[in-house]
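Hi everyone, thanks for coming. Today I'd like to walk you through one protein model, piece by piece. Have a look at it first, and then we'll start.

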Amino acid sequence: MEKTTELVITGLGVVSSIGTGVEEFWNSLLQGKSGVGVSDYYTAQDVAQINRLPYPMTAEVKTLETKRIKPRKNIKVMARDIQLGFIAADYARENSLLEQTPVDPERQGIVFGALMIIVDVSELEPLYKGAIGEDGQFVPPLFGNEIGSMFPLWMLKYLPNMTPCHIAIAYDMRGPNNTLVIGEPGGLSALVEASRVLRRGAADVMLAGGCASCTMPSAWFRYDLFQLSKHFDDPQKAYRPFDANRDGLVLGEGAAVCVLETSESAKKRGAPVYAKFLGYGEATEPVWHMQTDFAPAPEEVRVDRARFTGSSLKNAMRLALDRAGLNPSDIAFVMASANGSVSGDLIEAQAIADVLGSDVPVSSVKGATGYAMPASASMEVVASALALKNRLLPHIATCEEKDPACPIDVVMNEPRPLGEDKKAAMILSCNFYGQATAVIIGRGE
């Protein structure tokens, strides 16, 4: 067990396909709402121009509160991922009362989990047009000849580190500023890295979160290498973590941010305390995969997870328990990664059972919000903090028939009350390449 500075979560912000802001997000989870539906972000005509039938399902944020972005002129150099992250951060700062009880700008920092942001294909149109030869065919050596016709600052829209940069500039946050690009665990590891910054005394307050938008056609191309659900007949129930009839994930978008700070700083500010940060673990295992970002791949190529055994998940959980000074029996529930893949859920469920036992309640938010990678991990931190505070664990509404091969207690049908005897929750996240992160938070009493 680490004997270190006590850290607390004092603010929460979220932008998701099931609601924006803590109250709407929480109520939607309790009501079992799903943000998955038929995509309306692009029309069929838009997608037809790239010579492929559209993937019909995504979990989109229908209303984006861009009025929260400041200065307004910066929106033109913000990709959708960045806008989502900025709005979630604004909600978190508001929720933490940072404007009413400010902190020295030099003592505030940010860590974000992000993706290599996917470029909107429409913005690359001039480059593609300039690479079409006289015979109407694409000529690779000509690609880039029309770079001068593009928006001069277009690349600034798509750099993953720009989300914390925009936030820091807008709110005059002059402390450590970092971005983790490791897929889904990035949103959870951002919280871990923020804790390290605070415990080495480099800041008093840190914003930690994740953002991603995987709802455009170019995302369907890239992530079709993963296992996407084909339950097109009932989109709202298509994404089914731990369900016996699951067949893959549904891509989504969103962002979530936590304000993490020292308990001393929180007391000084009179800030609300949602949860305590108790411990963490990070681990990896070698997982060979066939995905390539540099050359076309045949349709049958998929990420090969045959070498993923779940050992990284188990090691991360054990490290988190050790750092928190807790036993498996102290954990009230697990907020699982639960990506909905056929093999991934089995492996995660077995890892949870091996470390924590088969009786610990297990839930997840992805069935409701879609798979938004680092944003999903951060949303699960928000959901876990709210579950501890309200002593009520949301259910996985889309899991209607638990896979009997998953040896865990999946929370189904309705939210489950949490008892008084256990006051800690474990949050899990892993990616397709073998990296895993586990964080334990406690009730903020």
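Let me begin with a term: a residue is called buried when its relative accessible area is under 20%. Keep in mind, too, that what you see is a predicted model.

Is T179 buried or exposed? Its relative accessibility is 16%, so T179 counts as buried. You can find T179 in strand 6, which covers residues 177-180. Leaving out residues up to four places away in sequence, T179 touches F112, A114, P160, N161 and P164.

Helix 3 deserves a look of its own. It runs over residues 80-95, 16 residues in total. From its first C-alpha to its last, helix 3 reaches 23 Å, close to the 22 Å expected at 1.5 Å a residue. Helix 3 is mostly covered, with 14 of its 16 residues buried. Just after helix 3, L97 takes a positive phi, about 65°.

Next, helix packing. Two packed helices are described by the angle between their axes and by the distance between those axes. Please find helix 12, residues 374-390, and helix 1, residues 22-30. Their axes come within 11 Å and cross at roughly 80°. That makes helix 1 roughly perpendicular to helix 12. From helix 1, the residues V22, F25, W26 and L29 meet M379, V382, A383, L386, A387 and N390 of helix 12. This contact divides into 9 nonpolar residues, 1 polar and no charged.

Helix 6, residues 186-199, also meets helix 12. Here the axes come within 6 Å and cross at roughly 60°. That makes helix 6 oblique to helix 12. In this contact, G186, G187, L188 and L191 of helix 6 meet P374, A377, S378 and V381 of helix 12. The residues divide into 5 nonpolar, 3 polar and no charged.

Let's move on to cysteines. A disulfide is a covalent bond between the sulfur atoms of two cysteines. How many disulfides does a search of the whole structure find? The search finds 0. Take C399: the closest cysteine sulfur, in C406, is 8.1 Å from its own sulfur, too far for a bond. C430 is in no disulfide either, since the nearest cysteine sulfur, that of C406, is 13 Å away and the cut-off is 2.5 Å. C399 is buried, with a relative accessible area of 1%, and C430 is buried at 4%.

Last stop: T262, in strand 8, residues 253-262. With a relative accessible area of 9%, T262 is buried. Not counting residues up to four places away in sequence, T262 touches T5, E6, L7, V8, L198 and D204. T262 and S229 are 33 residues apart along the chain, and their C-alpha atoms are separated by 42 Å.

Methods. Residues are numbered from 1 along each chain as its sequence is written. This is a predicted model: local features need pLDDT of at least 70, side-chain atom pairs count only at pLDDT 80 or more; totals for chains, interfaces and linings use all residues. Side-chain values use heavy atoms; hydrogens and water are left out. Axes are lines fitted to C-alpha atoms, for helices over the stretch in contact, and angles run from 0 to 180 degrees between N-to-C directions. Helices (H or I, at least four residues) and strands (E, at least two) are DSSP runs, numbered from the N terminus. Angles under 35 degrees count as roughly parallel, over 145 as roughly antiparallel, 65 to 115 as roughly perpendicular and the rest as oblique. Contact means heavy atoms within 4.5 Å. Ala, Val, Leu, Ile, Met, Phe, Trp, Tyr, Cys and Pro count as nonpolar, Asp, Glu, Lys and Arg as charged, and the others, Gly among them, as polar. The expected span of a helix is 1.5 Å times one less than its number of residues. Buried means under 20% relative accessible area, exposed over 50%, partly exposed in between (1.4 Å probe, protein chains only).
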